[in-house]
Structure formats: structure tokens, C-alpha cells
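Dear colleague,

I am passing on to you the structure that we spoke of, with its sequence. Please look it over before you read my notes.

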Amino acid sequence: PAIVRAMADGPHMVAVEHELNVLRGELETLSVAEDLGLASLNRTPLAMGLLSGRYRPDALPAADDVRRNAPWWDFFDEGAMERWLERIAEARTELTADGRSLVQGALGWIWGHSPATLPLPGFRTVAQVQENVGAAEHGPLPAERMERIQAILRRTCRRRTQVAVPYSPALEPGLLYMPENFEVEVGGAVVFIIDVAHFERL
């Protein structure tokens, strides 16, 4: 956000590109864009395809696909993917009400945050283009559904204690090591409600 404000002092700044999707994103940057009258170009609006509903732990992108080998997102990483899918399952009913597909609901969720948003979904087929275009026909998610989805995200993002296992036991001839489990705090988020009337630390 600070960089956006600094660059907006120049004469040619008209938009800011940042990550935003149902699972994660930079809502604070969106708020700054609105304050400055900038367009908000939204990367990964479909969480690199995870919000398409096509992928599962047993149905992943190809091993050499950049989505599985880049350090900037973990949508398809073992362990993380399962947690993201749980969040999608929780919100699916609200996202797909009134005849929307999951993709169209995810795009409608972005538009529901602000008319300044312009999601940039990827596509490979004519059918995917048609589905993306169809999202515009539905428009933004209604405010009441945005609130219900927010309640779901609040519940699934809450801070909680989880038992972690550092690594597997070593049981080999001449070597015996049993790791000691320990508790860690996971989850939590700072959620900005646009227009930022208040924020909640979960």
C-alpha cells in the first residue's frame, strides 16, 4: 500500500495490480486503490485454477506446471491444498447460488468488494472464456451473501492450536529416533471490510 501511494503521486498512475481471490489477497491494497481513484487489477482471481473446481489432491496440474513449482503461492502444495479445498467447500453454496458456477461466484465475490476491481482470470479453452464472460452477466455477489461468505472465512481462518510433527520417526538398523510433537498456533488473518469502516483481527 505504501508503494502504491508513493507511485500515485506521479502523473501516469491509473491502476494497481495485486493478488485477490476468495482464499487470500491484498484487501488493504484495494482500499488504497479506491481512496486514490485507481483501478484494481486482480491477479490469481481463481487461485491459479483451484477455484475452478477441477483440481483435487489426486487430480493435480502437471508436475512441470509453474503453479506447482513457484514459491509465491501454495494452492497445490501437499498439506496446504487440502486446507484450501476445505475453505472452498465451506463457501461453495454461497458462491454458486442463483445459478452461478464456482468460477462465476469467485469472480462475483471480487466484484462484490468494489466496482474498482478488474479480475484477470486465465483461460485455455473457448468454454473457459465463455464461463468467465458469463460471470459478468451475473454481476457482483449480493451484499448479504458477501456477509455470509465473510462469516465462513472468519470461522475457517480463526487462530487455533495444532499439533505439529517435525519429521517422521527414524526406525532403521542401528538408528532409532522418535521425534517429539509440539503445538503451534496457526490460522488468523486481518480482514478489511471495504469500504474500510472497521477491520477484524481473527
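This is a predicted model: local features need pLDDT of at least 70, side-chain atom pairs count only at pLDDT 80 or more; totals for chains, interfaces and linings use all residues.

Residues are numbered from 1 along each chain as its sequence is written, and side-chain values use heavy atoms, with hydrogens and water left out.

To begin with the sheet, three strands form an open sheet in the order β1-β2-β3 with parallel pairing; helices (H or I, at least four residues) and strands (E, at least two) are DSSP runs, numbered from the N terminus, and two strands pair if DSSP finds at least two bridges between them. The edge strands, each of which pairs on one side only, are β1 (15-19) and β3 (117-119). Strand β2 (residues 39-43) is joined to β3 by three bridges, and Ser40 has Thr117 in β3 as its bridge partner.

Helix α2 (residues 27-36) lies across β1, β2 and β3 and runs at about 170° to β1, whereas α4 lies across β2 and β3 and runs at about 160° to β3.

The axes of helix α3 (residues 80-95) and helix α4 (residues 102-113) come within 9 Å and cross at roughly 85°, and they are therefore roughly perpendicular to each other, a label that covers 65 to 115 degrees. On the α3 side, Ile88, Arg92 and Leu95 meet Leu102, Gly105, Ala106 and Trp109 of α4. The residues of this contact divide into five nonpolar, one polar and one charged, where Ala, Val, Leu, Ile, Met, Phe, Trp, Tyr, Cys and Pro count as nonpolar, Asp, Glu, Lys and Arg as charged, and the others, Gly among them, as polar.

Most residues other than glycine have a negative phi. Asp98, in the loop between α3 and α4, has a positive phi of about 60°, and Met48, in the loop between β2 and α3, has a phi near 55°.

Met48 also belongs, with Gly49, Arg67, Gly122 and Phe123, to the residues nearest the centre of the second largest pocket, which has 21 lining residues. A pocket here is an open set of points on a 1 Å grid over the protein atoms alone, where a 1.4 Å probe fits, with protein on both sides within 12 Å along at least five of seven lines, and lining residues have an atom within 4 Å of a point. By class, this lining has nine nonpolar, seven polar and five charged residues.

How values were computed. Axes are lines fitted to C-alpha atoms, for helices over the stretch in contact, and angles run from 0 to 180 degrees between N-to-C directions. Angles under 35 degrees count as roughly parallel, over 145 as roughly antiparallel, 65 to 115 as roughly perpendicular and the rest as oblique. Contact means heavy atoms within 4.5 Å.
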